[in-house]
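Have the sequence and the 3D view open, and try each task before you read its solution.

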Amino acid sequence: MSGPLIIVLSFAYLGLLFAVAWWADRRADQGRSVVAHPTVYALSLAVYCTAWTFYGSVGRAAESGLGFLTIYLGPTLIALLWGSLALKMVRVAKAERIISIADFIASRYGKSQLLGGLVTIVAVIGVIPYIALQLKAVSWSFTILLDYPVVRMPSAADVPPWADTAFIVALLLAAFTILFGTRHLDASQRYEGLVAAIAFESIVKLTAFLVAGVVLTLWLLGPAHFELAIAADDPRLQPLLQPRVPPFQDWFATSLLAALAVMLLPRQFQVTVVENSDERHLRRALWLFPLYLLLINLFVVPIAIAGLVAFPNGDVDADTFILTLPILLQLPWLALLVFIGGLSAATGMVIVETIALSTMVSNDLVLPLLLRRWRRRSPPADLGRWLLAIRRGAILIILLLGYGYYRLAGEAYELVSIGLVSFVAVAQFAPMVIGGLYWRGGTREGALAGLTAGFLVWMYTLLLPYFAMSGWLPPAFMEAGPGGVQLLAPLALFGFEGWNQVTHGLFWSLAANIGSFLLISSLREPNAVEAAQARIFVDATRHGGAGKAPLWRGSAEIAELMSLAERFLGPERTAAAFADYARRRGVARAQLLPPDAATVYFAETLLSGAIGGASARVMVASVTEEEIIGMDEVLNILDEANEIRAYSHELERKSQALEAATAELRAANLQLQELDRLKDDFMSSVTHELRTPLASIRAFSEILHDDPDLAVEQRQRFIAILVSETERLSRLVNQVLDLAKIESGHADWRNEVVILQETIAQALSTTEQLLRERGIVVTLEQPATPAAVWADRDRLIQVLVNLLANAAKFAPAGDPEVPGQVRVSLAAAGADWRVCVTDNGPGIPEHERELVFEKFRQSASGGNKPLGTGLGLPISRQIIEHLGGRVWAEAAPEKGARLCFDLPAHAPPPA
Amino acid sequence: MPRARLLRQRLLTLFLLGLLLLFSPLVLYLEGAGDWLGIPLLYVYLFAVWALIILLAAVIAAWHRD
């Protein structure tokens with residue numbers, strides 16, 4: 001295939017990419033962002049799948065079977081935790097305008113410039129081999145394609161750099177990245193176009209891989225199935241046809257490693273955290289991104305098998321199967337498609353990674369050094385252009401370093417192991433980042449110590465062996481250890497043998513890292529700034545988010561803050577940002593802003609977006625005079641905040657209790673009012689009842705007094721009335737007292753076993769006179785067995801007398817045709833004894849049946865005012881209820897009223 | 001806030017389920033356990049579990065759409 005065709009195609013593809021980015025930027029400027037979509041966000045995360053995935057997965061599968069899956073299973077599982085982990089990172093990054101992982105770690109541990117610089121160095125050294133890998137992939141795929149239709153591996157012949165495709169690729173990518181990523185400075189304004197281009201590339205590489213996968217699988221099952229059957233016994237195919245799970249520690253460690261890398265690689269941090277436009281997008285990404293990973297792995301094994309079947313001699317590198325198979329099968333269009341897919345995987349990674357790294361290099365490495373110099377001399381007026389230049393330089397240098405690494409060491413290993421070594425390097429950030437999000441105790445020194453220790457162990461166990469393989473160190477060193485000390489052998493530290501090299505390196509580097517981090521952090525308490533930052537990071541998902549109250553005190557001038565910002569952002573953007581902030585604070589002009597903590601914090605975060613948190617802090621400090629806030633004071637402020645929170649909780653609780661109490665009181669008050677009304681009614685009823693007999697007593701007494709000549713008969717009659725009225729009066733008073741006593745609970749109760757038959761007999765003898773007078777016939781029905789209840793005998797007789805008197809009152813009297821009848825019955829009712837007194841009077845209408853038990857209520861159905869006090873039945877109800885029974889009125893079977901009560905049987909009544 | 005916590009809790013449960021299904025001796029049972037339509041059962045199991053986790057995560061996330 002002709003070189004120019006491939007080159008033209010590659011440039012056309014890169015041009016298309018640029019057009020996508022330009023279009024997305026335009027849309028963003030018009031306020032119709034294409035990037036603010038959860039699917040685009042999820043696709044941009046797939047920058048995780050680089051050329052390493054695209055070519056290397058097949059290679060790894062062909063060599064060792066299932067191991068390649070771990071790189072994708074780990075991220076699938078960790079994505080499930082993004083609801084907390086990534087959400088915290090996104091929130092903190094937004095609040096603090098964090099623009100890189102170095103910035104993130106530096107911010108967390110007291111905005112330390114030193115820590116930011118160290119993270120940058122680790123990231124650059126760790127990731128450069130990974131960039132080298134992308135260059136290697138692009139140049140190899142180009143060279144292989146150039147030989148179409150012959151399948152030939154690129155020779156490692158010594159060519160000068162200017163004739164080396166990888167070198168040209170590196171330069172082209174540098175130019176492309178500079179065009180893409182360094183057009184303006186405020187990085188927290190996000191690269192909308194870049195994200196759109198990355199999402200587009202993710203679609204291209206997935207499509208290319210799936211198409212190749214389908215075509216090659218069909219070939220394997222169709223035309224090649226004879227060869228497959230013949231090759232089935234080939235030992236090289238055994239790991240694929242009889243798959244085995246790798247040793248557990250490798251299976252787990254590599255997955256863990258990938259899970260950490262997918263959060264911590266500078267480019268992943270860039271797309272996941274910095275470029276996130278809406279935290280709700282995480283909810284789509286947490287399943288869509290794993291789905292992408294699943295799809296891009298679906299055909300890895302079939303392609304690997306096809307490659308091993310098609311190239312039985314082993315002279316073709318397994319990493320290149322996906323490209324060399326279409327060449328072998330004479331499918332030029334597929335070969336070109338695969339080449340474009342690999343190109344897009346590689347360019348996506350290189351662009352985002354170098355942008356992220358160059359931001360870190362300029363903000364956390366170069367700028368702090370320049371700031372140190374400028375402390376003595378005044379800095380140049382337009383720092384913004386300086387910074388852009390630094391970033392562009394950094395991009396170029398990083399790519400050239402990548403190329404250098406490729407030239408010197410790139411041939412030694414297959415693709416996958418290079419990527420894993422990079423993963424272990426960035427995994428060193430995990431204790432600082434994840435620990436920093438959930439643990440408040442980490443200090444700056446602890447983070448520095450942990451990172452340094454982990455990085456040194458990484459170099460020793462993983463980087464040195466590479467150098468040895470590349471022939472820079474004697475290989476014996478690897479086995480025997482430095483100076484023959486076997487315990488220190490880089491591949492078997494402290495005698496740990498039999499582990500795979502990456503697992504071994506990961507274990508020891510993380511052990512050293514976490515151990516030092518914890519140990520050194522335990523030496524002192526976090527200081528003021530660290531404690532404040534810990535609060536922002538750890539409490540990011542708390543209700544109300546991170547507390548924004550800045551811990552700052554001192555004096556500042558608005559004009560100085562603005563001129564500082566102008567140096568980096570330019571006059572227009574600075575003026576716009578300050579005016580916007582002034583509007584939010586309700587101040588007319590930026591110049592009138594109060595120079596307080598909040599304004600200084602605003603200026604600092606504004607600068608953080610351009611130059612990183614640690615540098616911004618130093619720059620702002622240079623134009624303001626900050627008073628040192630002591631640790632005690634910080635703790636006081638934090639404690640105050642905590643106390644206020646506790647108070648407000650307490651207040652809330654109390655006000656709820658208060659509301660409940662108020663409701664109770666209101667109910668009680670209503671009840672009291674009702675009782676008061678009842679009492680009034682009672683009083684007026686009682687006085688009314690007292691007045692009637694009193695009035696007649698008075699009238700007859702006056703007659704007797706005024707008329708001495710009254711006939712003796714007459715006088716006798718009047719005196720008899722006086723006596724009966726007095727009796728009625730005293731009976732009424734007694735009953736009122738009785739009722740009051742029972743109601744107030746002061747009555748004496750002498751409870752004992754009472755036989756109901758006996759009490760009924762006594763009550764009947766008491767009322768015998770009354771009943772006989774009215775000519776009432778009494779019938780009694782009761783069982784022979786004694787009916788025992790637990791009660792006060794006298795009170796029970798009182799109840800029965802009341803009921804009998806009531807019946808006597810209403811039974812017809814003096815009518816010989818309809819003689820008055822009262823029937824008393826005693827019977828068992830379940831566990832109770834039931835006594836009923838029935839008369840054949842007019843009966844009680846249904847709606848009055850409850851009322852007759854109220855005080856002074858008498859059934860008026862008799863027409864004229866009935867006899868009695870109106871207290872007999874209320875007293876009876878009080879007594880029966882006190883004894884644990886109930887009393888009620890009902891209609892008699894034929895005619896008349898029936899009043900019954902139930903009392904619990906003392907001994908179980910006979911069945 | 002309680003809704004967000006519920007989402008996190010459901011996903012954490014799914015995460016632990018994933019750990020159990022992919023990183024426990026359960027996987028070892030399927031080594032050399034025969035094949036299904038010519039595909040070794042281990043592949044079928046790993047990809048099926050993988051797809052299941054993604055499916056459940058999508059269902060959980062869809063429940064919490066606001």
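**Exercise 1: a residue in a loop**

In this predicted model, Lys111(A) sits in the loop that runs between helix 6 (101-108) and helix 7 (113-146) of chain A.

Solution. Next, look at accessibility. Buried means under 20% relative accessible area.

**Exercise 2: another positive phi**

Find the loop that holds Gln330(A), then work out its phi and its relative accessible area.

Solution. Go to chain A and look between helix 16 (321-328) and helix 17 (332-374): Gln330(A) is in that loop. Its phi is near 60°, again a positive value in a residue other than glycine. Finally, the relative accessible area of Gln330(A) is 48%, so this residue is partly exposed.

**Exercise 3: the second largest pocket**

Describe the second largest pocket: how much space lies in it, and which residues line it?

Solution. First, the space: about 800 Å³. Then the lining: it has 30 residues, and the closest to the pocket's centre are Ile305(A), Gly38(B), Ile39(B), Pro40(B) and Tyr43(B). Among the elements that give two or more residues are helix 9 (192-221) and helix 15 (300-310) of chain A, and helix 2 (41-63) of chain B. Helix 2 of chain B gives the most, with five residues. Last, sort the lining by type: 23 residues are nonpolar, six polar and one charged.

Conventions. Residues numbered from 1 in each chain as written. Chains lettered and ligands numbered in written order. Predicted model: local features only at pLDDT ≥ 70, side-chain atom pairs only at ≥ 80, totals over all residues. Heavy atoms only, no water. 1 Å grid on protein atoms, 1.4 Å probe; cavity = no way out; pocket = protein on both sides within 12 Å on 5 of 7 lines; lining within 4 Å. Points joined across faces, edges and corners; volume = space filled by probe spheres on them. Helix = DSSP H or I, 4+ residues; strand = E, 2+ residues; numbered from the N terminus. Nonpolar A, V, L, I, M, F, W, Y, C, P; charged D, E, K, R; others polar. Buried < 20%, exposed > 50% of the residue type's maximum accessible area, 1.4 Å probe, protein only.
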